[in-house]
Amino acid sequence: MSDEELPDTFLEDKTYGYPRTFDPNFKGPVAKRSCTDVLCCIIFILFIIAYILLGLVAWVHGDPRRVAYPTDSKGHFCGQKGTPNENKTILFYFNLFSCTSPSVVVNLQCPTTQICVSKCPEKFLTYMEIQFAYRTNTHYWTYYSQFCKSPFVKPAKTLTQVLLDDDCPTAIFPSKPFLQRCFPDFTTKNGTLTVGNKTTFEDGNGKTRNAIELRTAANRVNKILDARAIGMKVFEDYATTWYWILIGLTIAMLLSWMFVILLRFIAGFLFWVFMVGVIGIIGYGIWHCYQEHSNLQGRPNSHLTIYDIGIQTDISLYFQLKQTWFAFMIILCLLEAFIILMLIFLRERIRISVALLKEGSKAIGYLPTTLIYPVLTFIFLSICIAYWAVTAIYLATSGVPVYKVISPEGKCKHENTTCDPEIFNTTEIAKACPGAQCNFAFYGGKSLYHQYVPTFQMFNLFVFLWLVNFVIALGQCALAGAFASYYWALKKPDDIPPYPLFTAFGRAIRYHTGSLAFGSLILALVQMFKFILEYLDRRLKEAQNNISKFLQCCLKCCFWCMEKMVKFFNRNAYVMIAIYGKNFCRSARDAFNLLMRNILKVAVMDKVTDFVLILGKILVAGCIGVLAFLLFTHRLPTMIEGPTSLNYYWIPLLTVIIGSYLVAHGFFSVYAMCIDTIFICFCEDLERNDGSTEKPYFIAPALHGTLNRMQLVPQKQKE
């Protein structure tokens, strides 16, 4: 079709070989729309229904108490109310020396009898010692018998019979409760490992053991405990500083809000505040790293390298090395140099970014409800995360108690076979394997549901990623629709339609759920492949050679790039959907070709503005981080009294910094969406109009003048 054959109200563009029709009377986001990507919408709804059904099924079969309470050898919960174990909240292991099975790493289940007790042992005692002491003092047996499976009047059984019946432990050691389990009370005295201030002790079987043997026997558990001990200390730090963290996040919110408001009036000045602030904060970090490095001069072991001490669960050890602070200082110096070089080489483009920020500030000033929308996104994301976590826990705790045959010597041919504890002593296995036990192993089952629990977990993760990306896409499309209404209003703010954000949100839900689900599905698939790749990498890490590791790194890099690319295309596609109401594929194509036709403007305007906004986020997080550092390290004693006795001050410090950055990101993400929308509308504006009286530009005069001076608008506009 030639241009002469087109109707008078349309203009056709055949750039890149395909026809694209323009409506000269276009005045903003299209009001008359139809549903797009209906098939994907139906699939999305079906997946949500299946996800809800999965949650209900998991709720019926799962039992979170299996996570909250430890389980004894009979499958009973320790500390559960309304049961005989209500006051017995701690799990006790009869023979901790047998806890060398790989299963210990997974579920802390040792191949030994485990019972629920009210408290852990506090002294060394053996069954043989109790038998002798009972003749003169029954108090010892009263104390010892609480660690037996059932109460006995007196220790009448021989040691051999006790071992066969597995009624009592052969020995008890000083222990402390941790994670509701009794573990040896290991201490280091003059560089020597001890248990209850002893280096050697009797194990009740006629052997003399030392603390190192016990530590080695429980090594798998202790590795987990060391990490969890840090977790407990971290929890204590959070319990001490939670209100300070909330205060810091509140200040970050107010500071972000203040920056957003000030950007409307003093964007240029505020930009230099961003620059000087970020450079100053990084400079303070460099100075602090230098001071810490200098203070460690001459201290013992400070010259060691990170490689020398290896992987440590106590992270504070790394901060006692000069190399750590030197590495931090080098990283901060490189970051400082990078920012300064960016300022030097991008100084002209930054002027355009400041003009865009001013225009974005005006748009947000006319549409203040857009600043509240991140709260709605946060609520939706919180619901998705909570539902995913609860469903994952219920799926993980689905099943019935499964009991396995265990043998202390490990020589039974029926080892690890399923058994029934109620009738085990009457079976042939008990006769063929003297001393074998039928103990609780894990929760599971052989039904169809239990066989597909791992598949359900994968489905749970995939739908979670899909929903999270959909919520983000919905927010981007709604904000884009609102800001597009602002841009295409010729007389601002008189021509801005009422309730633009509410209208755009309603249009996105009513007409474009399928398109948003389509875009978020593509992104969710890429992210799912990334998770699977990471999972396989962890599972096969020891079996990999150099070639497979290289291929693994290449795949990770490819999927990372693909994720970034899909996010970029989706974001611009959602803007086109909000404006024109077309399906996802056509909108993505139009957005891509529009950006390709304006690639110079993309390089000059769009990405430099993102850099400026990132500096704003860093400034907010850095300001709050410096204040939190001074508070948590007690460097503000004359002004305010901070929290005392912190185990790791950097844990709440990092929480405040990361939380402040996320809060700032929530506010500045509205800005970023506003800039992206204005930029795409600006490119469309240049292609639709020529600046004449009949076809005026919708771009703001101030921004138009800046772009005119930078020669980023057609020369026709200058006429």
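A search of the whole structure finds 24 aromatic pairs, a pair being two rings of Phe, Tyr or Trp (its six-membered ring) with centres within 6.5 Å. This is a predicted model, in which local features need pLDDT of at least 70 and side-chain atom pairs count only at pLDDT 80 or more, while totals for chains, interfaces and linings use all residues. Residues are numbered from 1 along each chain as its sequence is written, and side-chain values use heavy atoms, with hydrogens and water left out.

**Aromatic contacts**

- The ring centres of Phe47 and Phe459 are 5.7 Å apart and their planes meet at 25°, so the pair is stacked; planes under 30 degrees apart count as stacked, over 60 as edge-to-face and the rest as tilted.
- Phe47 belongs to helix H1 (residues 38-61) and Phe459 to helix H15 (residues 453-487), so the pair ties together parts 412 residues apart in sequence; helices are DSSP runs (H or I, at least four residues), numbered from the N terminus.
- One aromatic cluster is formed by Phe44, Phe47, Tyr51, Tyr387, Phe459, Phe462, Trp466 and Phe470.

**Helix H10**

- Helix H10 (residues 322-345) has 24 residues and reaches 35 Å from its first C-alpha to its last, close to the 34 Å expected at 1.5 Å a residue, where the expected span is 1.5 Å times one less than the number of residues.

**Largest cavity lining**

- By class, this lining has ten nonpolar, one polar and no charged residues; Ala, Val, Leu, Ile, Met, Phe, Trp, Tyr, Cys and Pro count as nonpolar, Asp, Glu, Lys and Arg as charged, and the others, Gly among them, as polar.
- Lining residues have an atom within 4 Å of a cavity point, a cavity being a set of points on a 1 Å grid over the protein atoms alone where a 1.4 Å probe fits but cannot get out; they include Phe92, Pro121 and Cys182.

Key:
On a 1 Å grid over the protein atoms alone, a cavity is a set of points where a 1.4 Å probe fits but cannot get out, and a pocket is an open set with protein on both sides within 12 Å along at least five of seven lines; lining residues have an atom within 4 Å of a point. Helices (H or I, at least four residues) and strands (E, at least two) are DSSP runs, numbered from the N terminus.
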